[in-house]
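Please read the points below with the model open. They cover the sheets, the helices packed on them, the helix pairs and a few single residues.

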Amino acid sequence: MSDAPILLDCDLLVGHDVTTGRWSRPDAVQEVLKSTGISGGLVTSLRAVHFDVPSGNAEAAEVAASNNWTACPALDLRDALGAERELERLLALPDETRPRAIRLAPTLQNVEPVYPAFGHVVKLLVAADLTVFVEGDVRTVSAPFRGIGARVVFLDTHFYHLGDFVVLAREEAGFAASTRMLTGPDSLEIVAAEVGAERLVLGCRTPFHETHSVVRRLLTSKLSPAEIALVGSHNLDRLLESA
């Protein structure tokens, strides 16, 4: 039996990235996952993020089912009423297909944390007891989530903003960070020591980021084997089970 921990990537993307022109096709994502020892993860459609939420979320569900991944639908923060309708549709799905998490992309959608729609959608997601995966600078996009009992993973938490995240996480029990940008010296170890390894979730933004480097950083960290197992997959499993 292998001692290697199970690894799940909370930050898989499929579809066309309109900002770079690059495509992420499911078979290419599978190749990256296999080459880095990742078993699966949480997948979102870039179509849903950028321009067509319902068909994009349907794409994510289809890709997830075909690859034994878990779908993570997205909502459009530029359209508060549309987000309400899409969330109602998702929550009305049968239990086996109802989402356990939602992805928000305020930076790509040019929505500031102070915009009314952002705070409104976040409150709806918290009321629905869903885990939120949110892109953007943790120092600013965290604002609508504070003080309301949100369960949220900040996908773009940067090593440079490590102190900001720790301060936030001390106050908010539901705040966690993706490991993607925490590849600086002792970054994972600092988070684990300050607020616990339970606050870290393996995220690689596969295939648009250096998945191998992110995984290697975790597996060669000074965290204990039990902590690495938490970060590698157990924390994500717990977040999805909680929803």
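1. Two strands count as paired if DSSP finds at least two bridges between them. On that basis strand E7 (residues 152–154) and strand E8 (residues 175–178) are paired in the parallel sense, over three bridges. The element names follow DSSP runs, numbered from the N terminus: helices are H or I runs of at least four residues, and strands are E runs of at least two.

2. On sources: this is a predicted model, in which local features need pLDDT of at least 70 and side-chain atom pairs count only at pLDDT 80 or more, while totals for chains, interfaces and linings use all residues. Residues are numbered from 1 along each chain as its sequence is written, and side-chain values use heavy atoms, with hydrogens and water left out.

3. E7 and E8 belong to an open sheet of five strands, ordered E5-E6-E7-E8-E9, with parallel pairing. E5 and strand E9 (200–201) are the edges; each has a single partner strand, so one side of each lacks a neighbour in the sheet. Helix H5 (residues 116–127) packs on this sheet and touches E5 and E6, where contact means heavy atoms within 4.5 Å. The direction of H5 makes about 170 degrees with that of E5. Axes here are lines fitted to C-alpha atoms, for helices over the stretch in contact, and angles run from 0 to 180 degrees between N-to-C directions.

4. Four bridges link strand E5 (residues 101–104) to E6 in the parallel sense. Within that pair, Leu104 has Val134 of E6 as its bridge partner. Strand E6 (residues 131–134) is covered on both faces: Thr131 and Phe133 are buried on one side, Val132 and Val134 on the other. Buried means under 20% relative accessible area, exposed means over 50%, and partly exposed lies in between (1.4 Å probe, protein chains only).

5. A second topic is the mixed sheet. Its four strands form an open sheet in the order E2-E1-E3-E4, and the pairing is mixed. Strand E2 (23–24) and strand E4 (70–71) are at the edges, each pairing on one side only. E3 is mostly covered, with six of its six residues buried.

6. Which helices lie on this sheet? Helix H1 (residues 26–36) lies across E1, E2 and E3 and runs at about 150 degrees to E1. Helix H3 (residues 53–67) packs on the sheet with contacts to E1, E3 and E4, its direction making about 155 degrees with that of E3. Gln30, found in H1, is buried, with a relative accessible area of 18%. Leaving aside residues up to four places away in sequence, Gln30 touches Asn67 and Trp69.

7. H3 also packs against H4, at an angle of about 30 degrees and with the axes 11 Å apart. The residues that meet are Val53, Pro54 and Asn57 in H3 and Glu86, Arg89 and Leu90 in H4.

8. Helix H7 (residues 162–171) and helix H8 (residues 187–195) pack at about 20 degrees, with a distance of 10 Å between their axes. H7 is therefore roughly parallel to H8; angles under 35 degrees count as roughly parallel, over 145 as roughly antiparallel, 65 to 115 as roughly perpendicular and the rest as oblique. From H7 the contact takes Leu162, Phe165, Val166, Ala169 and Arg170, and from H8 it takes Ser187, Ile190, Val191, Glu194 and Val195.

9. Arg78 sits in the loop between E4 and helix H4 (80–91). Is Arg78 buried or partly exposed? Arg78 is partly exposed, at a relative accessible area of 44%. Not counting residues up to four places away in sequence, Arg78 touches Val49, His50, Phe51, Gln109 and Val111. Arg78 and Ser224 are 146 residues apart in sequence and 42 Å apart in space, C-alpha to C-alpha.
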